[in-house]
Amino acid sequence: MERENFGSKIGVLAAAAGSAIGLGNIWKFPYITGVNGGAAFILVYLGCILLVGLPVMLAEFVIGRKTQKNAVGAMKELAPDKPWYLAGALSVATSFIILSFYAIIAGWVFSYMGRAAIGKLTSVPVEQMEANFGALIGSVYEPLFATFLVIAITGAIVIAGIKTGIEKYSKLLMPLLLVLLIALMIRSVTLEGASEGLAFLFKPDFSLLTRHGVLEALGHAFYSLSLAMGIILTYGSYVNKKENILSLAVQVTIADTLIALMAGVVIFPAVFAYGLKPGQGPGLIFITLPAVFKAMPFGGFFGFLFFLLVGIAAITSTISLMEVIVAFITEQFNMTRKKATLFICIALFLLSIPSNLSFGPMSGVTIFFGFNFFDFLDKLTANIFLPLGGIFICLFTAWAWGTKNAVKEITSDGLYEFKWEKLFTFAIKYLAPVSISIIFFNSLGVFKLISKLFK
Ligand code: PHE
């Protein structure tokens with residue numbers, strides 16, 4: 001079977017940036033920046049992106065590009081007699097699980113988009129907005145239907161293939177996302193009292209930066225760049241041999257970071273202008289922002305634009321997660337793209353049911369360590385599978401495939417210059433695996449345990 005490639009550099013860039021830009025940029029980054037000291041946190045985050053995120057992204061891109069295979073096939077090819085392919089299998093499993101609940105949150109976004117479209121986002125009294133959100137996610141049919149819709153849209157794009165599906169829609173949706181973001185940014189910074197929000201976001205306050213904040217910056221750098229899930233590896237496998245991988249990775253990284261900062265400029269000036277609290281956490285976009293839109297002239301319209309923006313960001317991320325699984329199944333089991341995608345969509349929807357019900361009828365049902373189904377899958381992937389996946393990618397590149405080979409592939413066999421070879425090698429061999437291990441042990445509570453033992 002002929003393997004498809006992306007048709008253009010701009011196409012790969014749109015698809016990879018589309019994956020990277022997601023709920024993590026629009027909701028989480030602005031929020032964690034705010035609580036961790038604004039610009040102080042941003043500086044640490046940029047350091048993590050450059051020293052750890054970018055090298056790992058390069059490694060993933062070239063593992064894929066070298067082999068032109070899915071995550072499992074690629075590792076099998078580069079380390080034929082070793083069980084490294086299990087690391088590839090872990091990333092496919094991680095993508096599958098994450099997609100099963102990422103689609104639920106994207107579904108909430110779609111529900112809010114629908115409400116905004118019929119004028120119901122801003123007609124709710126402010127005191128009821130929190131209860132309203134709780135009622136939505138705690139209900140059964142609407143969230144299930146919305147999850148179904150997200151999976152179906154994602155499946156329809158993925159089934160159409162790399163060029164005529166993923167690339168085509170990424171090239172359409174990403175510019176639209178940028179336009180929406182700029183429009184909302186202008187609206188937000190021109191509100192009276194906007195400057196307080198800008199100060200919250202950009203004024204460095206090093207006293208708010210804690211050890212926890214630094215670990216959070218590193219973890220978020222990984223999540224935001226869509227690393228350790230086989231995504232960049234899989235997209236890399238569709239990249240032309242002559243493409244300059246370094247410039248591609250740098251551009252994806254810049255786009256992801258810029259959009260996260262822009263999202264902060266959309267959210268905080270507006271939140272402060274209306275005297276609301278920035279530290280709502282998960283409720284920020286579903287509870288605080290509807291109140292902001294209610295107070296704003298033409299708020300219903302801007303609210304719709306905002307949820308459309310978030311919806312687009314989410315769909316270009318779900319596409320990339322699904323492609324990891326589709327590439328694996330079509331190539332390892334010789335199945336057609338159509339069959340594989342349909343099969344995956346059905347399995348995803350089934351797995352999303354208990355997660356969906358975790359906010360309603362099944363909220364009291366704990367399955368492991370006192371977690372309900374949704375929280376269990378979330379914690380399992382975020383705290384265990386993702387860091388392990390990141391460590392494996394580094395160790396695989398450093399010790400199984402070899403950084404020399406990776407560098408050769410980064411330069412397209414000598415076609416391009418790569419001035420950062422030493423730094424890249426150091427990052428992949430030591431800096432990245434060690435720092436990811438620190439996050440990993442920290443999230444497992446190992447450090448807490450040690451400090452208790454020595455007290
Ligand atoms: N990078 C995405 C974000 O910032 C999150 C994501 C993770 C997307 C994993 C796809 C896969 O929101």
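**From a loop to the core**

P80 lies in the loop between α4 (71-78) and α5, where helices (H or I, at least four residues) and strands (E, at least two) are DSSP runs numbered from the N terminus. The model is predicted, so local features need pLDDT of at least 70 and side-chain atom pairs count only at pLDDT 80 or more, whereas totals for chains, interfaces and linings use all residues. Residues are numbered from 1 along each chain as its sequence is written, and side-chain values use heavy atoms, with hydrogens and water left out.

Is P80 buried or exposed? P80 is exposed, because its relative accessible area is 58%; on this scale buried means under 20% relative accessible area, exposed over 50%, and partly exposed in between (1.4 Å probe, protein chains only). Between P80 and I319 there are 239 residues of separation in sequence and 29 Å in space, C-alpha to C-alpha.

A polar backbone atom of L23 is 3.0 Å from an oxygen atom of the ligand, while a nitrogen atom of the ligand lies 2.9 Å from a backbone N or O atom of Y223, and an N or O atom in the side chain of S226 is 3.1 Å from a nitrogen atom of the ligand. Taken alone the ligand exposes 320 Å², and the protein buries 100% of that, with accessible areas coming from the Shrake-Rupley method with a 1.4 Å probe, and for residues only the protein chains shown counting as cover.

H220 belongs to helix α10 (residues 211-224) and counts as buried because its relative accessible area is 2%. Leaving aside neighbours within four places in sequence, H220 is in contact with G24, K28, F29, I32 and Y45, contact meaning heavy atoms within 4.5 Å.

In helix α14 one finds S320, which is buried because its relative accessibility is 1%. A polar atom of the S320 side chain lies 2.8 Å from the backbone oxygen of S317, and, neighbours within four places in sequence aside, S320 is in contact with S19, I231 and Y235.

Helix α15 (residues 337-357) has 21 residues and reaches 30 Å from its first C-alpha to its last, close to the 30 Å expected at 1.5 Å a residue; the expected span is 1.5 Å times one less than the number of residues. Its buried residues include A340, T341, I344, C345 and L348, and what covers the buried residues of α15 includes α5 (85-117), α14 (299-332) and α16 (373-410). I344 counts as buried because its relative accessibility is 2%, and, not counting residues up to four places away in sequence, I344 touches F96, M322, I325, V326 and I329.

M322 is also among the residues with the most contacts inside the largest nonpolar core, which has 157 residues; such a core is a set of buried Ala, Val, Leu, Ile, Met, Phe, Trp, Tyr and Cys residues joined through side-chain atoms within 4.5 Å. The largest share of this core, 19 residues, comes from α14.

Note on methods
Polar contact = N/O pair within 3.5 Å; in protein donor to acceptor, adjacent residues only side chain to side chain.
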